[in-house]
Amino acid sequence: MKKYLPTALLLVVFEAVAFTLWLTKDNLFYLLNFSYIGLALSTGVFLYTKNYRHARRIVQLLVGLYMLIYLGLICNENMQIEGFWYYLFTGVFEAATIHYAVAKIFGPLIFGRGWCGYACWTAMVLDFLPYKTPQHPRKKIGWIRYITFAASLVFVAVLFLAHLGNLERIMFWAFLAGNILYYLVGILLAFAFKDNRVFCKYICPITVFLKPMSYFSLFRITCDKEKCISCGKCKTVCPMEVDMTDNSRGRKNGTECILCMECVKACPKKAL
Ligand code: SF4
Ligand code: SF4
Ligand code: SF4
């Protein structure tokens, strides 16, 4: 039964969030929204425990499509970082701010960058590209993320300072344009660098939140040194170039782990 504990724990955490928000905000949407996401994530973890090899991709599609199409396009919720700034400026603790608080700011203290491995609708598409693992060494251009982060903040600040009317509509178009831009840049860079996750490694502004918080993550890949035979198979399958055999918090690219479990599956000694 122990192997089903993460499935149950995930479901309980999301149901706790769902019920708390439903009752405190008196809005049934939160109950349905977080229950759906919790159910999708725990289904994925359950399928993983059953050794189903596409478990993660199924969760990515279930959560990513729901957020992109239902919340973004149908409900007009801008869940990108611009939407977060927008709601923060208006002082409204609603969908985008709650989403960021749970998935990208405080949640990573528990589940690290699980968002990036299982829910992000940008990576949902990028992970279909052919370069599952990087073909070249990592470049020192991670500073680009701070520029995109600042640009998103300045963009929303300018909208407010300009006192434009119908900001809600503008934010919807910004959501559409932002997503198209992310997909275009992400796909082009993936082919240029021969690495599906280039966008995540260097460009994505959300990593400015995700990386420092996931440093303290409760759930993380650790290595049993007694079992490890230093064969290196785990490192060859990691899309994020993490040194998962080093158990320290400061391990190489430690805050990049998206909990995809490829290293765990590849280890012949079940050391991870
Ligand atoms: S780094 Fe950004 S684009 Fe990549 S999976 Fe995470 S949130 Fe999505
Ligand atoms: S292969 Fe392992 S260390 Fe690399 S991102 Fe996936 S879970 Fe993390
Ligand atoms: S695949 Fe397993 S045994 Fe091989 S180096 Fe990695 S943790 Fe050690």
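The model shown in all views is predicted: local features need pLDDT of at least 70, side-chain atom pairs count only at pLDDT 80 or more, and totals for chains, interfaces and linings use all residues. Residues are numbered from 1 along each chain as its sequence is written, and chains are lettered from A and ligands numbered from 1 in the order in which they are written.

**View 1. The chain as a whole.** The chain holds 14 helices and 0 strands, where helices (H or I, at least four residues) and strands (E, at least two) are DSSP runs numbered from the N terminus. Its radius of gyration, taken over C-alpha atoms, is 19 Å, close to the 19 Å that the globule rule (2.2 Å times the number of residues to the power 0.38) gives for 272 residues, so the chain is as compact as a globular protein of that length. The C-alpha atoms fill a box of roughly 65 × 45 × 30 Å along the principal axes.

**View 2. The packing of helices α4 and α5.** Helix α4 (residues 81-90) and helix α5 (residues 95-105) pack at an angle of about 115°, their axes lying 8 Å apart. Axes are lines fitted to C-alpha atoms over the stretch in contact, and angles run from 0 to 180 degrees between N-to-C directions. G83, F84, Y87 and L88 of α4 meet A96, T97 and Y100 of α5, contact requiring C-beta atoms, placed from the backbone, within 7 Å. These contact residues divide into 5 nonpolar, 2 polar and no charged; Ala, Val, Leu, Ile, Met, Phe, Trp, Tyr, Cys and Pro count as nonpolar, Asp, Glu, Lys and Arg as charged, and the others, Gly among them, as polar.

**View 3. The shell around ligand 1.** The residues around ligand 1 are C116, C120, T122, A123, F199, C200, C204, I206 and T207, each with its C-beta atom, placed from the backbone, within 6 Å of the ligand. Helices α8 (121-126) and α11 (198-203) each supply at least two residues of this shell. By class, the shell has 7 nonpolar, 2 polar and no charged residues.

**View 4. The shell around ligand 3.** Ligand 3 is surrounded by 14 residues, of which C228, C231, C234, C267 and A271 are the closest. The shell comprises 9 nonpolar, 3 polar and 2 charged residues.

Terms used. Two residues are in contact if their C-beta atoms, placed from the backbone, lie within 7 Å.
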